Amino acid sequence: MTYIAKPRFHHPSLIENKLGFTRRDYEGKVSTLCAGCGHDSISAAIVQACFELDIEPHRLAKLSGIGCSSKTPDYFLGASHGFNTVHGRMPSVLTGANLANRDLIYLGVSGDGDSASIGLGQFAHSIRRGVSMAYIVENNGVYGLTKGQFSATADKNSKSKKGVVNHDSAIDMVSLALQLGATFVGRSFSGDKAQLVPLIKAAIRHKGAAFIDCISPCIAFNNHAGSTKSFDWVREHNEAVNHLDFMVGRAPITAQYAPGETVSVEQHDGTVLTLRKVAADYDPTDRAKAMGFLMERQAAGEVVTGLLYIDPEAEDLHDALDTVATPLNQLGGGDLTPGSAALAKINAALR
Ligand SMILES: Cc1ncc(C[n+]2csc(CCOP(=O)(O)OP(=O)(O)O)c2C)c(N)n1
Ligand code: SF4
Ligand SMILES: [Mg+2]
């Protein structure tokens with residue numbers, strides 16, 4: 001495949017993070033997507049989030065399937081590990097990688113075709129197993145790469161570019177993730193970087209399955225009147241339930257909020273999420289109420305965004321399997337073959 005490498009020149013006074021890296025150190029190759037594609041804005045948000053989190057690029061693995069969305073890992077984090085799987089198979093490859101090496105940060109990037117059609121089963125099982133990962137679906141309601149057929153997330157009665165009406169019910173990835181037991185669920189919009197960057201940061205630091213459905217308009221095939229995934233539609237129907245600030249450690253809250261307007265959630269690793277409430281009664285720690293709220297607002301034609309659910313005490317697949325703290329790929333021969341005495345002991349315990 002041909003590609004254009006980004007020139008390494010940059011302004012000498014670019015801001016550095018705690019590791020001495022600039023934003024440029026988190027970029028990838030030059031994007032070959034259509035100019036204006038929502039997916040490129042999500043790549044930029046991922047770059048910003050990883051830069052701000054001071055992530056060492058070699059400590060992160062980015063995995064994807066097939067689609068314009070799944071091509072994007074080539075356009076960010078050029079110094080990280082990467083694996084481009086078969087269409088819809090990203091979740092199982094990510095699960096295997098995570099089991100083999102629990103020390104890496106896992107970022108799964110997928111499309112609505114990749115995750116809601118061919119990979120729906122894969123998506124479901126990685127979420128219900130609580131694989132520690134930030135799983136982002138770049139949702140444009142079409143198969144962009146294969147020229148704009150409706151995907152399973154296209155809303156019923158929405159229209160294709162040529163005026164064809166979609167008669168099938170849509171799969172709502174957020175409701176599905178909630179039902180499957182995801183311990184972090186958010187929805188955002190590629191055109192809202194202020195909301196998306198802290199959401200990605202919080203998802204990356206979440207222990208367990210963190211899912212973000214990011215509406216990402218396809219300007220080539222799904223940005224017309226009659227589409228419910230266009231820039232105009234999402235801007236007009238976007239209803240944020242909260243605004244998120246993400247802090248590593250106990251940094252003071254600098255924004256001036258009135259009492260009762262914010263709620264702070266501390267995660268396992270000490271990171272703190274401060275949520276400024278927009279919908280007064282919305283409680284992102286109540287799964288059942290979140291599901292009801294989403295269905296109600298969806299029926300009213302709203303695109304609900306923000307941090308929709310979080311379980312700050314979540315456990316992950318390694319907790320469930322009680323795996324050793326040492327990554328499995330670092331265990332030596334002695335650990336893997338402890339000898340006949342140890343085997344006899346195990347067998348005796350099973351009798
Ligand atoms: C096994 C298999 N089936 C079908 C295809 C054809 N195909 C390539 S990308 C794609 C859908 C991509 O849609 P989506 O995941 O929504 O990504 P987008 O391009 O919209 O970002 C399909 C059906 C394929 N590459 N492999
Ligand atoms: S076809 Fe659509 S999804 Fe693919 S790069 Fe172009 S705008 Fe983006
Ligand atoms: Mg798509």
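Colleague: Which residues surround ligand 2?
Modeller: This is a predicted model, to start with. Ligand 2 is surrounded by Leu33, Cys34, Cys37, His39, Cys68, Asn140, Gly144, Leu145, Cys218, Ile219, Ala220 and Phe221.

Colleague: How does that shell around ligand 2 split by class?
Modeller: Nine residues are nonpolar and three are polar. The shell has no charged residues.

Colleague: And ligand 1, which residues come nearest?
Modeller: Gly67, Ser69, Gly111, Gly113 and Gly144, out of 18 residues around ligand 1. The elements giving two or more residues to that shell are helix H2 (68-71), helix H4 (112-118) and strand S5 (142-143).

Colleague: Which element gives the largest share of the shell around ligand 1?
Modeller: H4, with four residues.

Colleague: How many charged residues are in the shell around ligand 1?
Modeller: Three. Another nine are polar and six are nonpolar.

Colleague: Changing topic. What does the UniProt annotation cover?
Modeller: The unreviewed UniProt entry annotates residues 66-214 as "domain: Thiamine pyrophosphate enzyme TPP-binding". In the model, the end C-alpha atoms of residues 66-214 lie 17 Å apart. That span is 35% helix and 23% strand.

Colleague: Now the sheets. What is the strand order in the sheet of eight?
Modeller: S2-S1-S3-S4-S8-S7-S13-S9. This sheet is open, and its pairing is mixed.

Colleague: Which strands stand at the edges?
Modeller: Strand S2 (81-84) and strand S9 (238-240). Each has a single partner strand, so one side of each is left without a neighbour in the sheet. The twist averages 20° from one strand to the next.

Colleague: How does S9 pair with S13?
Modeller: S9 and strand S13 (residues 303-310) pair in the parallel sense, over three bridges. Asparagine 238 has valine 303 in S13 as its bridge partner.

Colleague: What about S7, mostly covered or mostly open?
Modeller: Strand S7 (residues 184-189) is mostly covered. Six of its six residues are buried.

Colleague: Which of them point which way?
Modeller: Phe184, Gly186 and Ser188 point one way from S7. Val185, Arg187 and Phe189 point the other way.

Colleague: How many bridges join S7 to S8?
Modeller: Six, and S7 runs parallel to strand S8 (residues 209-215). One pairing sets phenylalanine 184 opposite alanine 210 in S8.

Colleague: Which strands does H3 touch on the sheet?
Modeller: Helix H3 (residues 90-100) packs on the sheet against strand S1 (60-64), S2, strand S3 (105-111) and strand S4 (133-139). The direction of H3 makes about 175° with that of S3.

Colleague: Which H3 residues are buried?
Modeller: Met90, Pro91, Val93, Leu94, Thr95 and Asn98. Their cover includes S1, S2, S3, H4, H5 and S4.

Colleague: At what angle do H3 and H5 cross?
Modeller: Roughly 35°. The axes of H3 and helix H5 (residues 120-128) come within 7 Å.

Colleague: Which residues meet there?
Modeller: From H3, Pro91, Ser92, Leu94 and Thr95. From H5, Gln122, Phe123, His125 and Ser126. By class, the contact of H3 with H5 has three nonpolar, five polar and no charged residues.

Colleague: Back to strands. What is the order in the sheet of three?
Modeller: S10-S12-S11, in an open sheet with antiparallel pairing. Strand S10 (242-247) and strand S11 (262-266) are the edge strands, each pairing on one side only. Neighbouring strands are turned by 20° against each other on average, direction ignored.

Colleague: How many bridges join S10 to S12?
Modeller: Six, with S10 and strand S12 (residues 272-277) running antiparallel. Aspartate 245 stands opposite threonine 274 in S12.

Colleague: Which helix lies across S10 and S12?
Modeller: Helix H7 (residues 193-205), running at about 50° to S10.

Colleague: Last one. Is isoleucine 4 buried or exposed?
Modeller: Isoleucine 4 is exposed, with 9 other C-beta atoms within 10 Å. Isoleucine 4 is found in the segment before helix H1 (38-52). Leaving aside neighbours within four places in sequence, isoleucine 4 is in contact with Lys29 and Val30.

Key
Residues numbered from 1 in each chain as written. Chains lettered and ligands numbered in written order. Predicted model: local features only at pLDDT ≥ 70, side-chain atom pairs only at ≥ 80, totals over all residues. Near = placed C-beta within 6 Å. Nonpolar A, V, L, I, M, F, W, Y, C, P; charged D, E, K, R; others polar. Pairing = 2+ DSSP bridges. Axes fitted to C-alpha atoms, helices over the stretch in contact; angles between N-to-C directions. Contact = placed C-beta atoms within 7 Å. UniProt positions renumbered as here; feature names shortened; annotations may be inferred. Buried ≥ 20, exposed ≤ 12 C-beta atoms within 10 Å, placed from the backbone.
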